[in-house]
Amino acid sequence: SNVIIDFLTKKFDIGGGGGGGDGDEEELVKATESMQISGDNKDDAMNVVVDEAAEELTEPIKEGDPREHLNLVFIGHVDAGKSTLSGNILYLTDNVDKRTIEKYEREAKDLNRESWFLAFIMDTNEEERAKGKTVEVGRAHFDTTVKRYTILDAPGHKNYVPNMIMGASQADIAVLVISARKGEFETGFDRGGQTREHALLAKTLGVAFLVVVINKMDDPTVRWSKDRYDECTSKLKPFLKSCGFTIKREVKFVPISGLTGANVKDEVDGSVCPWWKTSHESGENNTTAPTLMSLLDTLEIKGRDPEAPLRIPVLDRYTDRGTIAMGKVESGTVRPGMKVTLMPTRNEYKIEAVWANEEPVAAARPGENVLLKIGGGCGTEDVQKGFVICTSPPCRSVQKIICHMALMDMPDATRIFTAGFQAMFHTHTCEEECTVTKIFETTNKKGQVNKKPAFATVGMRLVCMLELERMTPVETFDEYPFLGRFTLRTEGKTIAIGKITKLPPRKEDGNRK
């Protein structure tokens, strides 16, 4: 067969024998001679070659790396040093060679931005480099002896928050980068600064841990000062608590320098920062790990069940000799040959191939970022961002939900939240327009409950019903947390975070219009 001829062409560096028929046979005979197979009968020798070729072509695909895989999202105010830190991690773990770094150093120097050279590893397009601002969510991989990581470098600028939501919806751990430089910490944190919004979104989007890195500790205005570090952490703690983080269990603090690499992979020199050793050994930052990398290795993600029904929210899709869908396995295990249902259309397809980190694998477990080739007549119009790939029983697909939510902010023009209010509903990888149809109860900051409210205001917690523009695949928070969390955004602001508590009875599930 032509496939085997191709294989032999590569293996023995022989010509293709393109015409088929006798040409093919001649090539095989030459190949057998080059292998010097004993035995007079050339046919036998040829069969040996063909068998070996066929065997190698059907070599079993690897199961995938046994080390746990985690997605890290780097979030924080614009210019806090997210891309520089991500770039330095890749450099320190030998994922970028010295020559590339030197080339970036020269390019950064030409732009009069010498300290940006590490950020160029993540910010690859011209617009990002010229302005020094990340726009897209950059992706990169690195690993340690115990775990594998994918870095999602999210944009910090407020115009790109929807892009950041897309990045964070895949993340297991958020690394909140805070600049300790005088003035920069304050602007990131004031009203309108992105530090607040990002931490809020990270919690809603379901990251298991928040690692707060206090960056730029080597800055002349800071010089590894413990007072400045303590000032930043003490201001952050009450705020993170109000976002819903349990400080003791879910939040870790580390002082670093993303530019020099101190405390990223190797601990900072005692002569530069004498207080850090006693601080981390006593565990006062909720961790006993001295560096960022060692801290990440100690984090354990709970609740990943490879035996549960499969759920993969689709992040993107494209055509490449078939329809390829991209997403992260949230629960269950995906294997080539499996039959899957796409929600909300309820169409059934077959998974033809699975890639994790662009390597073909025989199975992908929860936490893996995968590419799936979907067969069975699935075109790109049949699978869209926000759909969920399921095995039976499939997830729910509804137009009305009852939810608990916290109202964080409101647009300047409308200060009260009433029935009829419209916003964008973001859940897993899905965005949908929604309308508030009814508010059942509100609880104010003092804990007073109103059972017949006409409206809600900022700072209240409420139970309400939302109606979505189209059928949307979701679940209740108690059953599948990653499909039951959402945020509401309008006019460039995140106004509410919440969880789905109740769905309509099953018979109402239908197709997406």
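Is asparagine 95 buried, partly exposed or exposed?

A: Asparagine 95 counts as partly exposed, because its relative accessibility is 42%; buried means under 20% relative accessible area, exposed over 50% and partly exposed in between, with a 1.4 Å probe and protein chains only. Before going further, a word on the ground rules: this is a predicted model, where local features need pLDDT of at least 70, side-chain atom pairs count only at pLDDT 80 or more, and totals for chains, interfaces and linings use all residues. Residues are numbered from 1 along each chain as its sequence is written, and side-chain values use heavy atoms, with hydrogens and water left out.

Back to the spot itself. Asparagine 95 sits in the loop between α4 (82–92) and α5 (98–110); helices (H or I, at least four residues) and strands (E, at least two) are DSSP runs, numbered from the N terminus. Its side chain makes a polar contact of 3.0 Å with the side chain of threonine 93. A polar contact here is a pair of N or O atoms within 3.5 Å; within protein, one must be able to donate a hydrogen and the other to accept it, and residues adjacent in sequence count only if both atoms are side-chain atoms. A polar atom of the asparagine 95 side chain also lies 3.5 Å from the backbone oxygen of histidine 141. Not counting residues up to four places away in sequence, asparagine 95 touches Leu90, His141 and Phe142, where contact means heavy atoms within 4.5 Å.

Threonine 287 is in the loop between α12 (276–281) and α13 (292–298), and it counts as buried at 7% relative accessibility. The side chain of threonine 287 reaches the backbone nitrogen of alanine 289 at 2.9 Å. Leaving out residues up to four places away in sequence, threonine 287 touches Lys252, Phe253, His280 and Leu295.

Now zoom out. The protein has 13 helices and 22 strands, and buried residues make up 52% of its 513 residues. Among contacts with a separation of 6 or more, 70% are between residues 24 or more positions apart.

What about the interior? The largest nonpolar core has 68 residues, and Val212 and Leu240 have the most contacts inside it. A nonpolar core means a set of buried Ala, Val, Leu, Ile, Met, Phe, Trp, Tyr and Cys residues joined through side-chain atoms within 4.5 Å. Setting aside neighbours within four places in sequence, leucine 240 is in contact with Leu176, Ala199, Leu210, Val212, Phe245, Ile247 and Val251. Apart from that core lies another, of 26 residues, among them Cys403, Met410, Phe486 and Ile495.

Tyrosine 229 and tryptophan 275 have ring centres 5.2 Å apart and planes at 35 degrees, so the pair is tilted. Tyrosine 229 lies in helix α10 (residues 226–242) and tryptophan 275 in the loop between β6 (251–255) and α12, so the pair ties together parts that are 46 residues apart in sequence. Both tyrosine 229 and tryptophan 275 are buried.

How values were computed: Rings of Phe, Tyr and Trp (its six-membered ring) pair if their centres lie within 6.5 Å; planes under 30 degrees apart count as stacked, over 60 as edge-to-face and the rest as tilted.
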